[in-house]
Amino acid sequence: MRDILEKNCNPEGVIVCVFADHKYTEVLSNWLRKQAEVSNAKPVVFCLDRQTQSVCEGLRAEHILVPYSGDWLGFMRHQMAITLEMLRMGFTPLISDIDAIWVRDPLPTTLQHSQDMVFSPGTIQPLVAHAKWGNVLCTGFFLLRPTLRTVSFIEEVSQRMNNEGDQPAINRLLIEKQLDFTRPDLYAIPFRNHDVMQSYSARLGVTKGLSVALLPNRLFQRLAEKDEPTPLIIHPIAPKTQEAKIEVLKSLDLWNE
């Protein structure tokens, strides 16, 4: 794995990573084409089965086979274990969901933040995080720097993931560590009977030496915003099946026919 990561990381050790299995190969293919249109970064696909590996070979996409066939929570633990391994090797993993579509290159904006951890914004889950901050840290697009503080934190996250996914574990652990954010000018976007609080610039926080940046939704859109600069990432809310995701992405003109 180290050789492939070294071949595809940028000079600062940042490696763009996505994870996929055979149930989402069409969405993966679309993501790879969209990403290549706007960025020179060379992503690495972590393939959970040989069918996905075959698709990557056909697309000449860099990939690593990391077999997994269990349930969704087990997959998230598997992904986090691989992410932790990359951190321990000294790489800076940037993890992107394959339905988080790159509209413009997000790397310059993401990398200008020097914090240990940089997250795109979410919506309301887990509710305890929304109640605390008005938004949540989303694991659909996030970057981790290989500091001792980050490694220690992700080790703690991994230990919590026997009973909850990565996003709830990260948010709840940061609340326990008493993370709070600076409060730049905030505005609300209604979502499922809640106001999700957004900011015009990144919200920054530090807890026990661990620094965190929460990127602005206007550029990293989990919830749609109009009359704003063209976003860098659009990660629309969509059901879990590939067919439903394709329908949503097509409706937003985020699909390569």
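Guide: A crossing is called left-handed if the near helix is turned anticlockwise from the far one by less than a right angle, and right-handed if the turn is clockwise. With that convention one can read the packing in this model, which is predicted.

The overall setting comes first. The protein contains 9 helices and 13 strands. Its radius of gyration is 17 Å, close to the 18 Å that the globule rule gives for 257 residues, so the protein is as compact as a globular protein of that length. Along the principal axes, the C-alpha atoms fill a box of roughly 45 × 40 × 35 Å.

The account now turns to helix α7 and its contacts. Helix α7 spans residues 148-160 and helix α8 spans residues 166-176; their axes come within 9 Å and cross at roughly 120 degrees. The range for roughly perpendicular is 65 to 115 degrees, and roughly antiparallel requires an angle over 145; α7 and α8 are therefore oblique to each other. In the sense defined above, α7 passes α8 in a right-handed crossing. On the α7 side the contact involves Phe 153, Glu 156, Val 157 and Arg 160, which meet Ala 169, Ile 170, Arg 172, Leu 173, Leu 174 and Glu 176 of α8. By class, this contact holds 6 nonpolar and 4 charged residues, with no polar ones.

Helix α7 also packs with helix α4 (residues 72-89): the two axes come within 10 Å and cross at roughly 160 degrees. This angle makes α4 roughly antiparallel to α7, the threshold being over 145 degrees. The crossing of α4 and α7 is left-handed, whereas that of α7 and α8 is right-handed. From α4, Met 80, Leu 84, Leu 87 and Arg 88 meet Thr 150, Val 151, Ile 154, Glu 155, Val 157 and Ser 158 of α7. Divided by class, the residues of the α4 contact with α7 are 6 nonpolar, 2 polar and 2 charged.

Phe 119 has Leu 214 of β11 as its bridge partner.

Helix α2 (residues 25-38) and helix α3 (residues 50-59) have axes 11 Å apart and pack at an angle of about 30 degrees. Angles under 35 degrees count as roughly parallel, and α2 and α3 are therefore roughly parallel to each other. Their crossing is right-handed. Thr 25, Leu 28, Ser 29, Leu 32 and Arg 33 of α2 make the contact with Thr 52, Val 55, Cys 56 and Leu 59 of α3. By class, the contact of α2 with α3 comprises 5 nonpolar, 3 polar and 1 charged residues.

Terms used
Residues numbered from 1 in each chain as written. Predicted model: local features only at pLDDT ≥ 70, side-chain atom pairs only at ≥ 80, totals over all residues. Heavy atoms only, no water. Axes fitted to C-alpha atoms, helices over the stretch in contact; angles between N-to-C directions. Helix = DSSP H or I, 4+ residues; strand = E, 2+ residues; numbered from the N terminus. Contact = heavy atoms within 4.5 Å. Nonpolar A, V, L, I, M, F, W, Y, C, P; charged D, E, K, R; others polar. Pairing = 2+ DSSP bridges. Rg over C-alpha atoms; globule rule 2.2 N^0.38 Å.
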